[in-house]
Amino acid sequence: MSPSSSRRLRLRVGLAAALLLGGMGFAPAPAETAAPAETAAPSEGTAPAFWVDPQSAAVRQAAEWRRAGREADARLIERIAGQPQAVWLHSDGAGAAVRSHVEAAARAGRTAVLVAYFVPHRDCGAYSSGGARDAAHYRRWIDDFAAGLGSRGAYVIVEPDAVAQLVAGCPRADAAERYGLLAHAVERLKRQPHTRVYVDAGNASWIPDERRLVAPLRKAGIAKADGFALNVSNHQTNATSSAYAHRLARELGGGKHFVIDSSRNGNGPYQGPQAWCNPPGRALGTPPTTRTGDPSLDAYLWIKRPGESDGTCRGGPRAGQWWPEYALGLARRARG
C-alpha cells in the first residue's frame, strides 16, 4: 500500500534500492543465483530474474525497525525483503492489480510471480475462506486476470489447495464445477504470451499416494499447463518435494515440469499437531532461483510470503496478514 506522504514513499523506494544493492549490510541472493551446492545450471535458456516488490510488508518493517533503532532485527528482516516473492490476487479488480505488478516487473527487467486465489469455496471455509460468488463470477475474474498480463508474461500459480482439497474431501465445493473452472483458468492464462502456468498439487504429506492426484489434475487442465506447483505454504524439504514431484510427473505420463515453494522449508516440517499452521521453529529456505540442477524443476519460488500468517492458530493474526515476530524467527533461523 502506498504511504500517506511523499516523504514516506521516498523512504520506501530508497530502502528497496538499498536492499537490492546490499547497501544496508545485507546482500540478498539475486533471483538467478544458484541454490545450495546440489544445484547447477538453469533447466533451459537464460534464468529469469524474479521481481522484488519494493513496497512489501517486509520492506516496510525493516524501515520501521531501523527508525526505531532495532538495527539487528531490520537486517534480519531484509533477508525476506530482498527476495522475490509471489503476489497473491484474491479479490475483485484482479486485472488492474496484475497489470500494475507485471509492468513494474518489466520496468525492472524482471519477471513477476503471481497467484490466482479466488476459486469459489476457497479453502473449504477454513482460515482463508472466500473466493468468487459462483462459477460465472470466477470466469469473469480469471478473464480479467489474464487480460492484465498483456504480453508481459509472468509465472502464475493456479489456486493453491483447490485440487488437493477435493481429493482429501471438501463437501462445500462442487467437484465438477471446480475442475471446470481450473481448466478454464489454465486455458485462458496460457493464451497470454510469455506466461508460465502451474496448477497447484498440494504437498507430499497431504496426499501421500500421488496417484490419487492424477485424474483430478487432468480434469483441472494440467495438459495445457506448463506443470504443477508443490509445497505452497508448507514446509516439506526440497528433497522430499522433488522426489514426490518426479513420481507424480511419471504418473501423469512424463514431460510435466514443476516448481517448489521453498519459502519456509529451511528446517523441514514441524513434527507436531497442526503442522501446517504457523508451526514454530521453521526457517527460510532456498532463495528463489531457476538454477535447480534438475531439468524438470523449473524453479524454487517463495510462493507463500514469509512472515504472513497461515491463520489464527498459535496466536497468529488472520490468514495472509503480516506477522513481524514470526517473520523475524524465520529469518533468524535461516542458514547462510
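How far apart should the ends of helix 5 be at 1.5 Å a residue, and what is the distance between its end C-alpha atoms? The 15 residues of helix 5, residues 135-149, should span 21 Å, and the end C-alpha atoms are 22 Å apart, which agrees. The expected span is 1.5 Å times one less than the number of residues.

This is a predicted model, in which local features need pLDDT of at least 70, side-chain atom pairs count only at pLDDT 80 or more, and totals for chains, interfaces and linings use all residues. Residues are numbered from 1 along each chain as its sequence is written, and side-chain values use heavy atoms, with hydrogens and water left out.

The protein has 10 helices and 7 strands. These are DSSP runs numbered from the N terminus: helices are H or I with at least four residues, strands are E with at least two. Of the 336 residues, 55% are buried. Buried means under 20% relative accessible area, exposed over 50%, and partly exposed in between, with a 1.4 Å probe and protein chains only. Contact means heavy atoms within 4.5 Å. Among contacts with a separation of 6 or more, 75% come from residues 24 or more positions apart.

Return to helix 5. Its buried residues include Ala135, His137, Tyr138, Trp141 and Ile142. Seen down the helix axis, the buried residues of helix 5 fall within an arc of 165°, so they line one face. The arc is that of the directions from the helix axis to the C-beta atoms. An α-helix has 3.6 residues a turn, so residues three or four places apart point the same way. The buried residues of helix 5 pack against several elements, among them helix 4 (94-107), strand 3 (154-158) and helix 7 (175-189).

What caps the N-terminal end of helix 5? Asp134 does: a side-chain oxygen lies 3.3 Å from the backbone nitrogen of Ala136. After helix 5 comes Gly150, with a positive phi near 55°.

Helix 4 can be read in a similar way. Its 14 residues should span 20 Å, and its end C-alpha atoms are 20 Å apart, which agrees. Ala94, Gly95, Val98 and His101 are among its buried residues. Their cover includes strand 1, strand 2, helix 5 and strand 3. Gly109 follows helix 4, and its phi is positive, near 70°.

Now the strands. Two strands pair if DSSP finds at least two bridges between them. Strand 4 and strand 5 (residues 227-230) run parallel, joined by 3 bridges. Here Tyr198 stands opposite Gly227. Strand 5 also runs parallel to strand 6 (residues 257-261), with 4 bridges. Ala229 faces Val259 across this pair.

Strand 4, helix 8 (residues 214-219) and strand 5 make a right-handed β-α-β unit. Strand 5, helix 9 (residues 238-251) and strand 6 make another right-handed β-α-β unit. Right-handed means that, with the strands pointing away from the viewer, the path from the first strand over the helix to the second runs clockwise.

The loops hold some details. Asp209 lies between strand 4 and helix 8. Asp209 is partly exposed, at 28% relative accessible area. Its side chain makes a polar contact of 3.0 Å with that of Arg211. A polar contact is a pair of N or O atoms within 3.5 Å; within protein, one must be able to donate a hydrogen and the other to accept it, and residues adjacent in sequence count only if both atoms are side-chain atoms.
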